[in-house]
Amino acid sequence: MIRFEGAAKRHPDGTVAVRGLDLDVPAGRTTVLVGPSGCGKTTILRMVNRMVVPTGGRVLLDGTDVAELPAAQLRRGIGYVIQQAGLFPHRRVIDNVATVPRLLGWDRKRARARAAELLELVGLPPETARRYPAQLSGGQQQRVGVARALAADPPVLLMDEPFSAVDPLVRAGLQEELLRLQAELGKTVLFVTHDIEEAVRLGDRVVVLREHGEIAQLADPHTLLTAPADAGVAAFLGRDRGLRGLGLRPAADVPLAKLEPAYEDWKLTLDQDGRPEHWLRDGRPHPVPVFAPARDTLRAALDAAVLAPSGHAVAVDADGRAIGTASRAAVVAALADEGAQVNHAGR
Amino acid sequence: MNWLDWLNTFFTDPAHRSGPDSILNRVLEHLAFSAEALALAVLLAVPLGLLIGYTGRGLFLVTALTGVARALPTLGLVTLAVLLAGVGDTAVLLPLTALAAPPLLVAAAEGVRGTDPDVRDAARGIGLTHPQTLFQVCVPSALPTLLAGARTAAVQVIATATVAAYVGLGGLGRYVIDGLATRDFPTTVGGALLVVLLAVAVQLLFALLIRSASPRAARTVHTDEPAGSPALSKDSI
Amino acid sequence: MLDGEPLVRWHWLGDHLGYLAGLTGDHAVIALVPVLIGLLLAVPLGLACTRFPRLYQPLAAVFNVVYALPSLAVFVVLIPYTGLATRETVMVPLTCYALAVLLPTTVDGLRAVPEPVRQAATAMGYGPWHRLAAVELPAAVPYLIAGLRVAAVSSISLAAVGALVGRGGLGYLFVDGFQRTFPTPILAGIVLVALLALVCDLLLVAARRLLAPWAAEVAR
């Protein structure tokens, strides 16, 4: 566990980056620091591996003040991923990933074997191992950056806007990958971003920061979106936070109706395996918006209901077979259900 | 005898005050000859360089030529030229021009090629012809680079003209060569000092020219560039 | 002017192979030792310039001027200190020229390591010296070699001018040929100087392949 006790940073010129932070970062979970630029979130992150030395208070790592450990030893036990990946241009990908194991004194063969394992873990094809960083795409470089941070199996991972420099599609893929990795590895992750969408998607807990590293709100993503602490946090979350909050709730909350032979003027046709084919009216086919209660969110269910020409979203199972329908009214009724469970994996 | 005595002897020598061996005359000779060689090199190299830079064809030729020119010994070229073409200023003008041309060629080509492609596109887009684009858009933006090339060429010409006194050319090199031949150190050292001063003065002149030709925002970038780095084109790394 | 003297007397070349080899060796020493010394000075100076950025502008300005000084004039000015026809008279200025080329390329090379890479190295537990040796210097190698190529070739061609102050290796062939109105040694000198430059350049390109394979592979 990481504990900040009144950790403060005042620059030599007198400006205050972080006034005095008290925060517990629980082990094995993902904690996201989010806030506007200049709120001190990167400074806070860098206090953990002593890239920034606090001018007041202290930072404890599993009960030990990080100031008491030799810097090199401390850092070799903490993974660090940054926005531009920061890969060594003169080393092949495999040797980039093997860097920390080598620093820890592993022999080359073992370090490389470990590196190859990690490249596979982050979803890079084996042939990338022999390449140089400049020969990779931005998204691939970022994967190598994550692999390098994980190479010595550090219990703590610091991530400073790691996915900000890649395009949205790649970013979504990388976020997905991180969620999968984290479910598998259970690291203590401290993640910094300015993107609230990313924060609620990745965080078990989200810390919204104001100026000087002051905590505006600390909550799980669902609570944050539905009950912002004050107007400032609400403004930071943006106008459609209600809709985004639906993205955290499972579609399984929607009560399903049995398939009917007809819905007023509309008829639903299925193929021989029971998958929806068309909505028919006057013999003319229309597309069928569907959602999968087992893995989709309330947001997807609402989307399907809004788009359905008949006004009924079709629910499907894992194989795409129709298992029922939900009218717009039924979906809206489910939205109001306060007992909904949080599903921050977004599925 | 020390430095100051030598310089005193040199500058007070009546022969260095008036007549063909006067300092003023030697400086003018040196400048006139260097200017002549530089002008010839500009006429030859700049149009070709502009064309190569604009079309992007023959860039490898420019790179190769610069490499070869850098490797050729000036003294060898000057002595060979005189042996082949006879004593006289024209014979020396040839190698001098040949050595001044490559930096100009590279600067013209690189300068034009370095024009922001978007700006070039926009120029074509609003209906400028190729020659108009070259002269109204590319050449102005290439001017600082071009002048930096001219500075390199000028410095090269002044140095080579000094060496060329060995084969009979006038100018400040006369003091150096004649002084060496007669073991007359005041003359040699005095001449050398004047050459150094001339080279520094020409450098300053070009620094001012480049500064006035650079767009305001780019000034700090261009004028303080060390002499060594323009010689390094990206592909040599 | 040549009065029937042929451009090249091949038998003269055949008769003087040992002599030409000796001059070439002397030339290589006079021209290349200064480049090596220049490199040995440029690396620590370049490091100082990256650590104390304010140092760089004035140093660069000084070397900018030095680089433009005509070699013959500088050789001559040094004679009172280093003597006529000594190696030092030629090698000291050549060292300055080499340094003038190598200092900016060294600084460029050391600065070529992007800040995020530096930070990532620190965050993985590299100390400053370890990082310098493992990250910054290797990344600067292609730049250093590019600078060395320019410095070596220039030095080889400039060294010939030293013949006018009595010590110029192959440059002596130009003085000798001119005084005897005998073009063969002049041509031989030009070719040998150019060949020496070419060989050095090729060796440096090979060195880059060996020391910085990543630069070539990435450029492809």
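1. Helix 5 of chain A (residues 108–121) has 14 residues and spans 20 Å from its first C-alpha to its last, close to the 20 Å expected at 1.5 Å a residue. The expected span is 1.5 Å times one less than the number of residues. Helices (H or I, at least four residues) and strands (E, at least two) are DSSP runs, numbered from the N terminus.

2. This is a predicted model, in which local features need pLDDT of at least 70, side-chain atom pairs count only at pLDDT 80 or more, and totals for chains, interfaces and linings use all residues. Residues are numbered from 1 along each chain as its sequence is written, while chains are lettered from A and ligands numbered from 1 in the order in which they are written.

3. Ala111(A), Arg114(A), Ala115(A), Leu118(A) and Leu119(A) of helix 5 are buried (20 or more other C-beta atoms within 10 Å of the residue's own; exposed means 12 or fewer, partly exposed in between; C-beta atoms are placed from the backbone). Because they cover an arc of only 145° around the axis, they lie on the same side of helix 5 of chain A; the arc is that of the directions from the helix axis to the C-beta atoms. On the other side, Lys109(A) and Arg110(A) are exposed.

4. In strand 15 of chain A (residues 312–316), 5 of its 5 residues are buried. His312(A), Val314(A) and Val316(A) lie on one side, and Ala313(A) and Ala315(A) on the other.

5. Strand 15 of chain A runs antiparallel to strand 16 (residues 322–327) of chain A, with 5 bridges joining them; strands pair if DSSP finds at least two bridges between them. Val314(A) has Thr325(A) as its bridge partner in strand 16.
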